[in-house]
Amino acid sequence: MNVKKNILYASAFCIALSSCGIYKKYERPQMPTEGLYRTEAPQDTSSIASWKWEDLFTDAHLRGG
């Protein structure tokens, strides 16, 4: 009798869960995507990597003096 009762409860739970509509289909929100990425190369190509380290660090202790 106990097994029948558990099966009845489990089936009633599954039917109630599938029919109550607690979930809905996911819809992607509309988001403007224009202008998020650069489409052309930047005009200034200089960077810190092209500098000498002596120009960047002016401490006399680093220069060995």
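## The loop between the helices

Glu 34 is located in the loop that connects α1 (2–19) with α2. In this predicted model, the relative accessible area of Glu 34 is 76%, so the residue is classed as exposed, the cut-off for that class being over 50%.

## Overall fold and dimensions

The secondary structure of the protein chain consists of 2 helices and 0 strands. Its C-alpha trace extends over about 95 × 40 × 10 Å along the principal axes. The radius of gyration is 34 Å, whereas a compact globule of 65 residues would have a value near 11 Å.

## Surface and burial

Among the 65 residues of the protein chain, 0% are counted as buried, a class that requires under 20% relative accessible area. The accessible surface of the protein chain amounts to about 7300 Å², and carbon and sulfur atoms contribute 59% of it.

## Nonpolar patch

Ile 48, Trp 51, Trp 53, Leu 56, Phe 57 and Leu 62 form a nonpolar surface patch of about 650 Å². One of these residues, Leu 62, belongs to the segment that follows α2 (53–56). Leu 62 has a relative accessibility of 46% and is therefore partly exposed, as that class lies between the limits of 20% and 50%.

The protein chain carries 8 positive and 7 negative charges. The mean position of the positive charges is separated from that of the negative charges by 27 Å.

Technical notes: Residues numbered from 1 in each chain as written. Predicted model: local features only at pLDDT ≥ 70, side-chain atom pairs only at ≥ 80, totals over all residues. Heavy atoms only, no water. Patch = residues over 30% accessible without salt bridge, like charges linked within 9 Å, V, L, I, M, F, W, Y side chains within 5 Å. Areas by Shrake-Rupley, 256 points an atom, 1.4 Å probe, with all protein chains shown as cover. Salt bridge = Lys/Arg side-chain N within 4 Å of Asp/Glu carboxyl O. Helix = DSSP H or I, 4+ residues; strand = E, 2+ residues; numbered from the N terminus. Buried < 20%, exposed > 50% of the residue type's maximum accessible area, 1.4 Å probe, protein only. Rg over C-alpha atoms; globule rule 2.2 N^0.38 Å. Lys, Arg positive; Asp, Glu negative; His and termini not counted. Charge placed at Lys NZ, Arg CZ, Asp CG, Glu CD.
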